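Hi everyone, thanks for making time this morning.

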Amino acid sequence: MTELQVAVQEALQCGFPHFNAVRLALERRREAREETPPVEIPLATQSCANRNTIIQPHDLDISLRIDFQNKAISMG
């Protein structure tokens, strides 16, 4: 039997026929074997380089003027 089959069977026996119960069973079995997660998460080098970029917020005054104009138009 594969790990997935064992996890599905375990979830069904516990009365939780839900994919999250299967996921938890798989994680529990993997941790019991002291294995690392099967999916590696690489760090994006570009996002690391852009980490020090300063982001300038836009001027909120424009939004307030548009909102004021819309209210004035709707009031007629």
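The expected span here is 1.5 Å times one less than the number of residues, and helices are DSSP runs of H or I with at least four residues, numbered from the N terminus, while strands are runs of E with at least two.

A word on the source: this is a predicted model, where local features need pLDDT of at least 70 and side-chain atom pairs count only at pLDDT 80 or more, while totals for chains, interfaces and linings use all residues. Residues are numbered from 1 along each chain as its sequence is written, and side-chain values use heavy atoms, leaving out hydrogens and water.

Stepping back, the chain has four helices and zero strands. Of its 76 residues, 8% count as buried, meaning under 20% relative accessible area, with exposed being over 50% and partly exposed in between (1.4 Å probe, protein chains only).

Which residues of α2 are buried? They are A21, V22, A25 and R30, and the buried residues of α2 pack against α1. The largest nonpolar core consists of A7, A11, A21, V22 and A25; a core is a set of buried Ala, Val, Leu, Ile, Met, Phe, Trp, Tyr and Cys residues joined through side-chain atoms within 4.5 Å. Both α1 and α2 (19-32) give two or more residues to this core, and α2 provides the largest share, three residues. Leaving aside residues up to four places away in sequence, A25 touches A7 and E10, where contact means heavy atoms within 4.5 Å.

That E10 brings us to charges. The whole structure has six salt bridges, each a side-chain nitrogen of Lys or Arg within 4 Å of a carboxyl oxygen of Asp or Glu. E10 pairs with R28, with the closest N and O atoms 2.4 Å apart. Since E10 lies in helix α1 and R28 in helix α2, the pair ties together parts that are 18 residues apart in sequence.

Another bridge joins E3 and R33, at 3.2 Å between the closest N and O atoms. E3 sits in helix α1 and R33 in the loop between α2 and α3 (45-49), so this pair links parts 30 residues apart in sequence.

Finally, salt bridges with shared partners join E3, R29, R33 and E35 into one network.
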